[in-house]
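This report looks at charged side chains and how they pair. Inspect the sequence and the model before reading on.

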Amino acid sequence: ARTDAGHFAGSEEAFRHWDEDGMVEAGCATCHSADGLPFFFAHETQIEQPLSNGLECETCHSSVETFETFTTTAVIFPSGAEVTLEDNSNLCLTCHQGRSFSGTVDRATADLPADEPAQLRFINIHYFAAGATLFGNEVQGAYQYPDKTYVGRFEHVDAFNTCVECHDVHALTVVEEDCTVFHQVDSLAEIRMSDTDYDGDGDTEEGIAGEVATMTEALYAAMQAYGADTEGVGSIEYNPARYPYFFDDAGEQFASWTPTLLKAAYNFQYAQKDPGAFAHNAEYIIQVLYDSIESLGGDVSGMTRPEAEQ
């Protein structure tokens with residue numbers, strides 16, 4: 001019954017999922033077992049690992065006497081891109097990168113008619129792919145439409161530009177007070193990055209988190225409208241608490257994917273699984289949401305797409 005902050009919540013699904021198997025499978029062990037990360041750094045590969053009650057001190061610290069952490073000079077993302085941060089935030093990137101990328105979706109939908117249902121399965125980015133959002137186009141964690149350009153890494157200000165500079169590494173909470181005082185707001189969600197009304201709702205006072213939330217809602221509405229209007233697709237409903245997340249009107253797993261709908265749904269899930277995307281790289285997630293709505297025939301006439309390419 002260990003319910004400490006995320007990494008140490010040993011009673012939660014992230015660590016209990018494999019109880020019936022008796023071991024954590026190799027593909028999950030690096031991030032979901034106490035011994036997985038040290039093994040990965042030592043051997044550059046992974047094997048199945050024993051079950052654990054959350055992560056331990058030794059998971060990230062190579063010495064519990066000096067509290068030195070494991071180090072790695074670069075982190076390889078699912079796209080094959082190698083990136084690095086300036087401090088031991090590379091430990092964070094090792095797990096918070098997602099398990100798929102734009103090319104994963106392209107491979108699954110290659111040579112299929114865009115708007116005809118096909119034998120496709122939903123592709124899930126996985127949880128809290130904050131590192132992928134931070135680096136944007138450099139790692140292509142979200143689905144990126146081939147005729148569009150996307151921003152790269154979000155460069156914030158010195159001292160608040162990496163994972164460990166913005167988050168308490170043990171409690172996982174955001175170092176919020178420094179941000180709210182500087183931006184003169186009461187909460188992170190109220191911070192704006194410009195006067196641009198990205199979501200087109202006429203509110204230029206709301207925080208950038210509100211812009212992202214409105215566009216995420218608009219994407220879901222566009223997905224449902226597309227399903228209703230496209231032959232052979234039908235109703236699509238999202239349930240964030242039930243795998244595999246998308247269901248038909250009978251409550252069964254949604255199976256009428258077209259390539260167009262799958263790409264948009266991947267990005268909708270991406271936005272759900274990085275609730276801090278507005279802070280990690282607002283322009284990138286807004287670009288992704290805008291393009292997804294547009295691809296479905298949704299109305300983007302009042303919205304504004306950030307065009308800067310980094």
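Which residue forms a salt bridge with arginine 153? The partner is glutamate 155, with the closest N and O atoms 3.8 Å apart. The model is a predicted one. Arginine 153 has a relative accessible area of 7%. That value is under the 20% cut-off, so arginine 153 counts as buried.

A search of the whole structure finds ten salt bridges. Three of them are listed here.

| Pair | Closest N–O distance |
|---|---|
| Arginine 153 – glutamate 155 | 3.8 Å |
| Aspartate 291 – lysine 148 | 4.0 Å |

Glutamate 211 sits in helix H10 (residues 208-229), while arginine 192 is in the loop between helix H9 (176-183) and H10, so the bridge ties together parts 19 residues apart in sequence. Both residues are buried.

Now aspartate 291 and lysine 148, a salt bridge with its closest N and O atoms 4.0 Å apart. This pair links distant parts of the chain, 143 residues apart. Aspartate 291 belongs to helix H12 (residues 277-295). Lysine 148 lies in the loop between helix H7 (130-135) and helix H8 (163-166).

Are these two partners buried or exposed? Aspartate 291 is buried, at 2% relative accessible area.

Conventions: Residues numbered from 1 in each chain as written. Predicted model: local features only at pLDDT ≥ 70, side-chain atom pairs only at ≥ 80, totals over all residues. Heavy atoms only, no water. Salt bridge = Lys/Arg side-chain N within 4 Å of Asp/Glu carboxyl O. Helix = DSSP H or I, 4+ residues; strand = E, 2+ residues; numbered from the N terminus. Buried < 20%, exposed > 50% of the residue type's maximum accessible area, 1.4 Å probe, protein only.
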